[in-house]
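Subject: Structure for you to look at

Hello,

Here is the structure I said I would pass on. Please open it and keep it beside this message while you read.

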Amino acid sequence: MAKPLTLEKILFSQGFGTRRYCSDLVYADLVKVNGVLAEDPEEKISTENLQLQVDGEDWEFHEKAYIAFNKPTGYECSHKTSHHPSIYGLLPQPLVERGIQCVGRLDFDTTGLILMSDDGQFIHKMTTPKKNIGKIYEITTPDPITQKQIDHLLGGVVLDDDPKPCFATACVQKDEKLLAMTIVEGRYHQVKRMMAAVGNHVASLHRTTIGAYTMPSDLPEGEWRWLYPDDLVQLGKSVDAL
Ligand code: URA
């Protein structure tokens with residue numbers, strides 16, 4: 001059972017600003033705790049199933065933030081972007097304030113599932129190739145995909161910056177120009193470079209799945225949702241096949 005914390009500390013931990021600012025939010029009658037208007041920022045509160053409301057917005061308490069985000073095209077996965085807006089601009093300010101980071105990046109023109117967290121250990125666990133966590137990408141190509149190309153992807157492709165080949169651990173051709181490919185590593189532009197190396201190209205790229213967790217079909221583009229312990233179990237599962 002989590003130790004009760006003062007309301008001010010709780011608000012601070014969730015990214016609502018400095019501790020002073022969080023106190024002021026309470027004094028300004030802008031905070032509700034489980035539906036009841038809070039009066040004292042020093043009041044100790046249980047964080048178990050805690051529902052906050054801050055300045056009219058409902059906020060579920062999460063000791064660590066784990067979220068799934070459906071990335072639209074045209075956004076960069078960094079804070080300081082060079083050419084396109086940042087995905088962080090699509091998230092609520094408290095998540096950004098508490099230091100949420102992408103678990104591996106997607107290119108600005110790639111769409112689909114991206115995980116974000118403020119738990120450094122989780123980020124490390126999810127990004128190390130040792131864990132064998134597969135990521136499934138749906139690749140639309142300009143040219144028909146051949147069996148020879150698929151065999152090449154499964155057999156290993158050498159990219160120009162590393163003599164060690166990278167492999168697709170599974171390939172499922174869904175249509176003449178649509179391939180679902182699973183990879184475990186996350187090298188720079190890996191899918192695009194693998195496709196170019198086998199003599200085809202990527203017209204559009206969409207990530208559907210990480211581990212055994214697939215993007216919820218009811219999560220619209222540009223929206224996010226909390227991940228719960230069961231989701232984290234799915235994410236941590238290593239998958240070698242679709
Ligand atoms: N591989 C790519 O080439 N781009 C991505 O965004 C992700 C994987």
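Below is what was found in it, from the whole chain down to single residues.

Please keep in mind that this is a predicted model.

**The chain as a whole**

The protein chain has 242 residues, and buried residues make up 45% of them. Its C-alpha trace spans about 70 × 40 × 35 Å along the principal axes. The secondary structure comes to 7 helices and 17 strands. If you take the contacts between residues at least 6 apart in sequence, 63% of them join residues that are at least 24 apart.

**Domains**

The chain is divided into three parts: domain 1 covers 5–60, domain 2 covers 66–129 + 212–241, and domain 3 covers 134–210.

How do domain 1 and domain 2 meet? Their C-alpha centres lie 26 Å apart. At the boundary, 7 residues of domain 1 are in contact with 7 residues of domain 2. Together the two domains bury about 600 Å² between them, and 60% of that area is on carbon and sulfur atoms. On the domain 1 side, G15, W59 and E60 supply 70% of the area buried against domain 2, which is more than any other three residues supply.

The count of salt bridges between domain 1 and domain 2 is 0, while 2 residue pairs are in polar contact there. The side of domain 1 that touches domain 2 is made up of 2 nonpolar, 4 polar and 1 charged residues.

**A buried threonine**

T47 sits in the loop between β4 (44–45) and β5 (51–54). Is T47 buried or exposed? T47 has a relative accessible area of 8%, which is under the 20% cut-off, so T47 counts as buried. Leaving aside residues up to four places away in sequence, T47 touches A2, L5, I10 and F61.

**Salt bridges**

The structure holds 11 salt bridges.

R98 pairs with D118, and the closest N and O atoms are 2.8 Å apart. R98 is in the loop between α3 (93–97) and β8 (101–102), and D118 is in the loop between β9 (111–117) and α4 (120–127), so this pair ties together parts that are 20 residues apart in sequence. R98 counts as buried, at 12% relative accessibility.

K192 and D107 also meet through their side chains, at 2.8 Å from N to O. K192 belongs to helix α6 (residues 190–197) and D107 to the loop between β8 and β9; the two are 85 residues apart, and the pair links distant parts of the chain. D107 is buried at 18% relative accessibility, whereas K192 is partly exposed, with a relative accessible area of 23%.

E138 forms a salt bridge with K174, with 3.6 Å between the closest N and O atoms. E138 lies in strand β10 (residues 135–140) and K174 in strand β13 (residues 170–175), so the pair ties together parts 36 residues apart in sequence. Both residues are partly exposed: E138 has a relative accessible area of 23%, and K174 has 47%.

Finally, salt bridges that share partners join D107, D109 and K192 into one network.

Regards

How values were computed. Residues are numbered from 1 along each chain as its sequence is written. This is a predicted model: local features need pLDDT of at least 70, side-chain atom pairs count only at pLDDT 80 or more; totals for chains, interfaces and linings use all residues. Side-chain values use heavy atoms; hydrogens and water are left out. Domain bounds come from an automatic or database domain assignment. Contact means heavy atoms within 4.5 Å. Buried area is the accessible area (1.4 Å probe) that two parts lose on being put together, summed over both. A salt bridge is a side-chain nitrogen of Lys or Arg within 4 Å of a carboxyl oxygen of Asp or Glu. A polar contact is a pair of N or O atoms within 3.5 Å; within protein, one must be able to donate a hydrogen and the other to accept it, and residues adjacent in sequence count only if both atoms are side-chain atoms. Ala, Val, Leu, Ile, Met, Phe, Trp, Tyr, Cys and Pro count as nonpolar, Asp, Glu, Lys and Arg as charged, and the others, Gly among them, as polar. Helices (H or I, at least four residues) and strands (E, at least two) are DSSP runs, numbered from the N terminus. Buried means under 20% relative accessible area, exposed over 50%, partly exposed in between (1.4 Å probe, protein chains only).
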